[in-house]
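Thanks for coming, everyone. I have one structure to walk through today. Please take a look at it before I start.

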Amino acid sequence: MFDVLKQAVFTSVGLASLTREKVDQLAAEVARRAKLSEQDAKEFQAELASRTEKARQDLQAEIDRRIDHALIQLGILKASVKRVSADASAELRAAIDKRIDEALQRAGVAQADDLRALTVRFDALERKLAAK
């Protein structure tokens with residue numbers, strides 16, 4: 001009889017919405033009505049509290065999953081996804097830039113730093129020639 005009552009409580013009560021105090025009150029009331037021993041009452045209360053927490057976590061996970069799905073459907077990325085995406089993009093850009101720089105060096109193509117240095121040297125030589 002107690003098992004039937006216990007299952008009815010677990011299935012009919014929205015465990016995820018119960019506060020710890022309400023869980024304790026419910027367990028105490030069921031234990032009193034079922035005339036459970038003190039040990040059985042404690043076990044029932046612990047099991048009810050455990051299932052309540054599990055139901056709360058499951059509900060939160062389902063809410064998070066549905067929110068994520070809705071955001072994806074709307075084309076909106078969560079901040080954490082945006083951050084990871086930006087980090088990956090920056091790493092990819094840096095890797096590509098490095099490979100391009102290496103390829104240009106192997107090909108003997110002057111890079112911007114080299115051109116700036118040559119421009120500075122050229123300007124200095126022009127000033128020297130103009131001064132003579």
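**Salt bridges along a helix**

Let me begin with a pair in helix α3. Arg 65 and Glu 62 sit three residues apart there, so about one helical turn separates them. Keep in mind that this is a predicted model. The two side chains meet in a salt bridge, at 2.7 Å from N to O. Are these two residues buried, partly exposed or exposed? Arg 65 has a relative accessible area of 46%, so Arg 65 is partly exposed. Glu 62 has 28%, and that makes Glu 62 partly exposed too.

Why does spacing matter here? An α-helix has 3.6 residues a turn, so residues three or four places apart point the same way.

Next pair. Lys 54 and Asp 58 are also in α3, four residues apart, and so about one turn of the helix lies between them. Their side chains form a salt bridge, 2.8 Å from N to O. Lys 54 comes out at 47% relative accessibility, so Lys 54 counts as partly exposed. Asp 58 is at 39%, again partly exposed.

Third pair. Arg 51 makes a salt bridge with Glu 47, and their closest N and O atoms are 3.0 Å apart. Both residues belong to helix α3, with four residues, or about one turn, between them. Arg 51 has 33% relative accessibility, which puts Arg 51 in the partly exposed class. Glu 47 has a relative accessible area of 25% and is partly exposed. The cut-off for buried is under 20%, so Glu 47 does not count as buried.

How many salt bridges does the structure hold? The count is four. I have shown you some of them, including Arg 51 with Glu 47.

**The helix itself**

Now α3 as a whole. It covers residues 38-74, which is 37 residues. What follows the helix? Gly 75 does, and its phi is positive, near 80°.

Some of α3 is buried. Ala 41, Phe 44, Leu 48, Ala 49 and Thr 52 are the residues in question.

**Packing against α2**

Which residues does α3 meet in α2? First, the geometry. Two packed helices are described by the angle between their axes and the distance between the axes. For α2, residues 20-33, and α3, the angle is about 145° and the axes are 9 Å apart. The crossing of α2 and α3 is right-handed.

Now the residues. On the α2 side, we have Arg 20, Val 23, Asp 24, Leu 26, Ala 27, Val 30 and Ala 31. On the α3 side, they meet Ala 41, Phe 44, Gln 45, Leu 48, Ala 49 and Thr 52. The residues of this contact split into nine nonpolar, two polar and two charged. Look back at the buried set in α3: Ala 41, Phe 44, Leu 48, Ala 49 and Thr 52.

**The whole chain**

Let me zoom out. The chain has five helices and zero strands. From the N terminus, the order reads α-α-α-α-α. Of its 132 residues, 12% count as buried.

One last number, on contacts. Residues 24 or more positions apart account for 64% of them.

Note on methods
Residues numbered from 1 in each chain as written. Predicted model: local features only at pLDDT ≥ 70, side-chain atom pairs only at ≥ 80, totals over all residues. Heavy atoms only, no water. Helix = DSSP H or I, 4+ residues; strand = E, 2+ residues; numbered from the N terminus. Expected span 1.5 Å × (residues − 1). Buried < 20%, exposed > 50% of the residue type's maximum accessible area, 1.4 Å probe, protein only. Axes fitted to C-alpha atoms, helices over the stretch in contact; angles between N-to-C directions. Left-handed = near helix turned anticlockwise from the far one by under 90°. Contact = heavy atoms within 4.5 Å. Nonpolar A, V, L, I, M, F, W, Y, C, P; charged D, E, K, R; others polar.
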